[in-house]
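Biologist: I would like to learn how to read a structure one feature at a time. Please give the general idea for each feature, then the case at hand.

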Amino acid sequence: MTQYLMLDREQLFQEIVENGRAQGVVDQEAYHSLVDSMVEGHLEVGEYDKDQALPELIEDLKARWSDYQKTLE
């Protein structure tokens, strides 16, 4: 049986912030693409399961665009 590790939402958001800043992500479209790719990356390595509520997780993270913007200041 495969055991899936879970990153909590805040840990994942902080990882997105770090990667976004390193990649120079400064607009909402790029931020949303980054969220998609980061969640997909964690899914591919087995940290998330396809049966989990990933669409909700992705929506929650995308809704944090304003929080991400504040980290750029």
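Biologist: Is Val39 buried or exposed?

Modeller: The general idea is a set of cut-offs on relative accessible area: buried means under 20%, exposed over 50%, and partly exposed in between, with a 1.4 Å probe and protein chains only. Here Val39 has a relative accessible area of 3%, so Val39 is buried. This is a predicted model, in which local features need pLDDT of at least 70, side-chain atom pairs count only at pLDDT 80 or more, and totals for chains, interfaces and linings use all residues. Residues are numbered from 1 along each chain as its sequence is written, and side-chain values use heavy atoms, leaving out hydrogens and water.

Biologist: Which residues is Val39 in contact with?

Modeller: Contact means heavy atoms within 4.5 Å. Leaving aside neighbours within four places in sequence, Val39 is in contact with Leu12, Tyr48, Leu54, Leu57, Ile58 and Leu61.

Biologist: Where is Val39 placed, and how many helices and strands does the protein have?

Modeller: Helices (H or I, at least four residues) and strands (E, at least two) are DSSP runs, numbered from the N terminus. Val39 lies in helix 2. The protein has four helices and zero strands, and from the N terminus on its elements run α-α-α-α. Of its 73 residues, 30% count as buried.

Biologist: How many residues apart in sequence are His32 and Lys62, and how many Å apart in space?

Modeller: His32 and Lys62 are 30 residues apart in sequence, and their C-alpha atoms are 5.7 Å apart in space. Over the protein, residues 24 or more positions apart account for 66% of the contacts with a separation of 6 or more.

Biologist: Which residues of helix 3 are buried?

Modeller: In helix 3 (residues 54-62), the buried residues are Leu54, Leu57, Ile58, Leu61 and Lys62. They are on the same side of helix 3 because they cover an arc of only 130° around the axis. The arc is that of the directions from the helix axis to the C-beta atoms. The face turned away from the buried side carries the exposed residues Pro55, Glu56 and Glu59.

Biologist: Which helices do the buried residues of helix 3 pack against?

Modeller: They pack against helix 1 (9-23), helix 2 (28-44) and helix 4 (65-72).

Biologist: How do I read the packing of two helices?

Modeller: Start with the axes, which are lines fitted to C-alpha atoms, for helices over the stretch in contact; angles run from 0 to 180 degrees between N-to-C directions. The axes of helix 2 and helix 3 come within 10 Å and cross at roughly 145°. Helix 2 contributes Tyr31, His32, Val35, Asp36, Val39 and Leu43 to this contact, and helix 3 contributes Leu54, Leu57, Ile58, Leu61 and Lys62.

Biologist: What classes do the residues of the contact of helix 2 with helix 3 belong to?

Modeller: Ala, Val, Leu, Ile, Met, Phe, Trp, Tyr, Cys and Pro count as nonpolar, Asp, Glu, Lys and Arg as charged, and the others, Gly among them, as polar. The contact of helix 2 with helix 3 has eight nonpolar, one polar and two charged residues.

Biologist: At what angle do helix 1 and helix 2 pack?

Modeller: Their axes are 10 Å apart, and the angle is about 125°. Helix 1 and helix 2 are therefore oblique to each other. Angles under 35 degrees count as roughly parallel, over 145 as roughly antiparallel, 65 to 115 as roughly perpendicular and the rest as oblique. In this contact, Leu12, Phe13, Glu15, Ile16, Asn19, Gly20 and Gln23 of helix 1 meet Tyr31, Leu34, Val35, Met38, Val39 and His42 of helix 2. The classes are eight nonpolar, four polar and one charged.

Biologist: Where do the axes of helix 1 and helix 4 stand, and at what angle do they cross?

Modeller: The axes of helix 1 and helix 4 come within 11 Å and cross at roughly 50°. That makes helix 1 oblique to helix 4. Phe13, Ile16, Val17, Gly20 and Arg21 of helix 1 meet Asp67, Tyr68, Thr71 and Leu72 of helix 4. These residues divide into five nonpolar, two polar and two charged.
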